[in-house]
Amino acid sequence: MRIAVLSETDAAEPRVAAVPETVKKYKALGADVVVQSGAGLSAGVPDAEYEAVGATVAASAEDAARDADLVLKVRRPSAEEAKLLKRGATVVAIMDPYGREDELKVLADAGLDTFAMEFMPRITRAQVMDVLSSQANLAGYRAVIDGAAEYGRSMPMMMTAAGTVPAARVFIMGVGVAGLQAIATARRLGAVVTATDVRPATKEQVESLGAKFVAVEDDEFKQAETAGGYAKEMSAEYQRKQADLVKGHIAKQDIVITTALIPGRPAPKLVSEEMVASMKPGSVLVDLAVERGGNVAGAKAGEIVTTANGAKIVGHLNVPGRLAATASALYARNLYAFLETLIDKESKALAIKWDDELVKATNLTRDGQVVHPSFQPKAA
């Protein structure tokens, strides 16, 4: 069994899909591992470290991909990369398939069996494979660090001979994995933290981290969580009531971090132009949903925007990638935990159990067809 680890072709993607720790484990399963030269450099892993654990380093993507049975990537392969892979090869990555029907068709036409790690079901045995959680956790941490870096004052309260410096007020909007880590990080830095979310279960989590919960707690709020643990889209009436509550609160905040994403949909707008305009000069908004359209009015992907009233809107792309070494290590472990279930220990070959719930949930293309029910071409 030959496993290929390819470099990412997107310049904004510094992560890598395997690190020496996981390469060693693939070798123990009986695989030959080929790593494209330079694949790990942006994540702090030189070629020599892969070679030291038994991997072969290939000069080009073509050499690395040749005859590979299993291809590991962070992002979906491009059409050019798909041409390098043999028919029947298995590709595992974060596929980002929503609105990408043409790209999925290219992968299907190339005869590739592809798996989207972000579709891993939220069940107990798949927790160790959950890339959304491992990467969102780092994004939440980094959002606070980025917000603090742009904020021109200290985060903790300081009592000095020259007088007292007040603690920064940080407001987290959306309390999933990223939001919870943002709360914990802001608290560790000494800020006064408040948070909001439409899911009632998050209130206790927020308070357990020492932050204050802010939300309209009506009947709709009490049923605002899907079976998978995601936030539901709320009614226009609820959004109006929540916006009224948040409007008064946000004007008093120094740093606002928004993390709200609904899978397969544009990011919900949480912070209006009016709310941004109400914020103090020097305050900072960090929008973690900017790649899906953003939660903050005026946010621009890949830019830091300074508003007319002197607030900053931070819209960094690929925030987990801003911690490339840690993000790669966690992603590589997620990947290994999943792939270990696809490999037969005796024959040391791929043996995908197509009826396994993890496989069914993540499989996008197989035998030349798009097979995931959410992305199958609609009948004429």
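Thr365 has Val370 of strand β19 as its bridge partner. This pairing belongs to a predicted model. Strand β19 covers residues 369-370 and pairs with β18 in the antiparallel sense, over 2 bridges. Within this pair, Arg366 stands opposite Gln369 of β19. The two strands form a hairpin with 2 residues between them. In that hairpin, Asp367 takes a positive phi near 50 degrees.

Strand β18 also pairs with β6. Strand β6 spans residues 113-116, and β18 spans residues 363-366. They run antiparallel and are joined by 2 bridges. Here Phe115 stands opposite Asn363 of β18.

These strands belong to an open sheet of 8 strands. The order is β3-β2-β1-β4-β5-β6-β18-β19, and the pairing is mixed. Strands β3 (56-58) and β19 are the edge strands, each pairing on one side only. Strands of a sheet pair through backbone hydrogen bonds, either parallel or antiparallel.

Gln36 lies in β2, a strand of residues 32-36. The relative accessible area of Gln36 is 13%, so this residue is buried.

Arg76 sits in the loop between β4 (70-75) and α4 (79-84). Its relative accessibility is 19%; the cut-off for buried is under 20%, so Arg76 counts as buried. Residues up to four places away in sequence aside, Arg76 touches Glu81, Ala93, Ile94, Met95, Asp96, Arg100, Glu103 and Leu107. Among these contacts are Glu81, Asp96 and Glu103. Thr9 is 67 residues from Arg76 in sequence. The C-alpha atoms of Arg76 and Thr9 are 9.8 Å apart in space.

A further open sheet has 7 strands. Its order is β11-β10-β9-β12-β13-β15-β14, with mixed pairing. At the edges stand β11 (212-213) and β14 (304-306). Each has a single partner strand, so one side of each is left without a neighbour in the sheet. Helix α10 (residues 236-250) packs on this sheet. The helix touches β9, β10 and β12 (255-258). The direction of α10 makes about 160 degrees with that of β9.

Strand β9 comprises residues 169-173. The strand is mostly covered, with 4 of its 5 residues buried. Strand β9 runs parallel to β10 (residues 192-196), and 5 bridges join the two. Arg169 has Val192 of β10 as its bridge partner. Phe171 stands opposite Thr194 in β10.

Two helix pairs were examined. Helix α1 holds residues 20-28, and α12 holds residues 324-339. They pack at an angle of about 15 degrees, with axes 9 Å apart. Angles under 35 degrees count as roughly parallel, and α1 and α12 are therefore roughly parallel to each other. Their crossing is left-handed. On the α1 side, the contact involves Glu21, Thr22, Lys25 and Tyr26. On the α12 side, it involves Ala332, Arg333, Leu335, Tyr336 and Leu339. By class, the contact of α1 with α12 has 5 nonpolar, 1 polar and 3 charged residues.

The second pair is α6 with α7. Helix α6 spans residues 131-150, and α7 spans residues 177-188. Their axes come within 7 Å and cross at roughly 40 degrees. Helices α6 and α7 are therefore oblique to each other. Helix α6 passes α7 in a right-handed crossing. From α6, the contact is made by Ser133, Ala136, Asn137, Gly140, Tyr141, Val144 and Ile145. From α7, the contact is made by Val177, Ala178, Gln181, Ala182, Thr185 and Ala186. This contact of α6 with α7 has 8 nonpolar, 5 polar and no charged residues.

Key: Residues numbered from 1 in each chain as written. Predicted model: local features only at pLDDT ≥ 70, side-chain atom pairs only at ≥ 80, totals over all residues. Heavy atoms only, no water. Pairing = 2+ DSSP bridges. Axes fitted to C-alpha atoms, helices over the stretch in contact; angles between N-to-C directions. Parallel < 35°, antiparallel > 145°, perpendicular 65-115°, else oblique. Left-handed = near helix turned anticlockwise from the far one by under 90°. Contact = heavy atoms within 4.5 Å. Nonpolar A, V, L, I, M, F, W, Y, C, P; charged D, E, K, R; others polar. Buried < 20%, exposed > 50% of the residue type's maximum accessible area, 1.4 Å probe, protein only.
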